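Let's take a walk through a protein together, going from the whole thing down to single residues. Keep the picture open while you read.

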Amino acid sequence: MKNIFRIVKQLLTSAFCLFPVISLASCGSSSPVIIWTDRPEIVSYVEFFNVAQNKAKAVVVYKDKLAVSLPPAKDEQSPDIVIGSFLRNSRVKKNFAAVDRVFNRSQINPSSIYAPLLEYGKVNGRQYLIPVSFNLPTMIFSQKNHALVNGNMLIDSDSIRDSACKFNQKSKEDLFVKMGYAPSWDANFIYQLSKTFGAEFGEKGTAFSWNADSLASTIEYLKSWTLEKNESTSAEQDFSFKYLYAPKQKLVDSDRCLFAYIKSDDFFDIPGEQTESISFRWLSKNEKIFVNDDITSLGLYRKTKNAKDAYAFIEWFFLESTQKNLLERAMRMNLETQTFGICSGFSSIKSVNERVFPAYYKTLLGKMPPEDFLIAPLALPSRWESLKERVIIPYLSEVTNTDSQNTVKSIDERITVWRNQFN
């Protein structure tokens, strides 16, 4: 499904590059709402919007690098609405207009949206971005190993480490034939864990800042985990090379490992028949879940030429009834390109997750965390994905390796290289 989705995304990108705006005559309006997005799902939502009401019409322009596409080039048609990831940065006020009045003039109650995510979209107390969807860090395991895993909804790193250790098993040759979990298997797990330890990655100029003490504590914690429970990074990697080559849901079901780390959207994108025997917990610390960085948000472009109709779309989209219809429509059409939930994530509207999602994702019943459990990311630079991939992930992978004898390049050194090569 992911491969099909990528193909459709590429086709959309090509199509919108060639024909960025649909014929105005076909929209039945001389001034449609122009929506820029990096979420291909928005195309289907706009199609539904255009037939569901007669107040306004909308068209979509796909932008693969949305966060760095603003402001528009001189020869581009400006957007009215922007929907995508990594929009929350120091340039929010330069790119977007405040949208506080959407809560005053419509049926949308701000209390219907997760408070930490709503706060994420504010600058100096004013609402510039409205959260659309989000994802959570997830640990999956086989239901047959349920007795080894504590709790019903959350799991912290200590519980993962200790349960995983009990699962470990060696052969007569003193080699691991079962290993519960190893930090070195997934650098994204290390990154997410560093957030729970207070790494506080946030925007600073074109790069980022972080809490050095908390990051150092994370590194020591992970190295101790590896040395005390799994012997060494080499032992973890040898085991991974021998046994961990199947999809994550199959790995935990094979009884070779106890846990696997995965983003919630990736987990719920797996066909249901492959996850019938799989359980999950949200990765947390002290009953706090650090939401994944790529929150999808909606903003009203500050130079919009069609604010009235743009507000009509916003008010329509953030109704529970609308999102229920969007989910029902996607399931009914059984689209091969269908992705999880709303914009490949949980809805920012609490009632949609609590009342609508479980009808289609039955394992979510009773598993949605309350809003006070959620911690939104800090403002991040628009090129955060590149920085994370080329600076943070390599650094964390190297610095937590218990066998490395080489001096590890610092984050600052890596940022300098990144600036020279990719900025």
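Where is P71 found? P71 sits in the loop between β2 (58–62) and β3 (81–85). Helices (H or I, at least four residues) and strands (E, at least two) are DSSP runs, numbered from the N terminus. The peptide bond joining L70 and P71 is cis, with omega at about -5 degrees.

Before we go on, a word on what you're looking at: this is a predicted model, where local features need pLDDT of at least 70 and side-chain atom pairs count only at pLDDT 80 or more, while totals for chains, interfaces and linings use all residues. Residues are numbered from 1 along each chain as its sequence is written, and side-chain values use heavy atoms, with hydrogens and water left out.

Now zoom out. The protein has 16 helices and 19 strands. Its radius of gyration is 23 Å, close to the 22 Å that the globule rule gives for 423 residues, so the protein is as compact as a globular protein of that length. (That radius is taken over C-alpha atoms, and the globule rule is 2.2 Å times the number of residues to the power 0.38.) Along the principal axes, the C-alpha trace spans about 75 × 45 × 40 Å.

How much of the protein is buried? Buried residues make up 53% of the 423. Here buried means under 20% relative accessible area, exposed means over 50%, and partly exposed is in between (1.4 Å probe, protein chains only). Contacts, meaning heavy atoms within 4.5 Å, tell you about the fold too: of those with a separation of 6 or more, 78% are between residues 24 or more positions apart.

Let's head inside. A nonpolar core is a set of buried Ala, Val, Leu, Ile, Met, Phe, Trp, Tyr and Cys residues joined through side-chain atoms within 4.5 Å. The largest one has 116 residues, and those with the most contacts inside it include Y181, F259 and W282. Helix α15 (residues 384–399) gives the most to this core, with 8 residues. There's also a second, separate core of 15 residues, with A98, V123, Y128 and Y301 among them.

Leaving aside neighbours within four places in sequence, Y181 is in contact with several residues, including M139, I160, W225 and F259. Compare P370, which lies in the loop between α14 (350–360) and β19 (374–375). P370 is partly exposed, with a relative accessible area of 36%. The C-alpha atoms of P370 and Y181 are separated by 28 Å, and the two are 189 residues apart along the chain.

Loops can be buried or exposed, so what about I295? I295 is in the loop between β16 (289–290) and β17 (296–301), and at 1% relative accessibility it counts as buried. Not counting residues up to four places away in sequence, I295 touches G84, S85 and F86, among others. I295 and K305 are 10 residues apart in sequence, yet their C-alpha atoms are 26 Å apart in space.

One last stop is the loop between α13 (320–333) and β18 (346–347), the place of C343 and of S344. C343 has a positive phi, near 50 degrees, in a residue other than glycine. S344 is not a glycine either, and its phi is positive at about 60 degrees. C343 is buried, with a relative accessible area of 2%, and S344 is buried at 6%.
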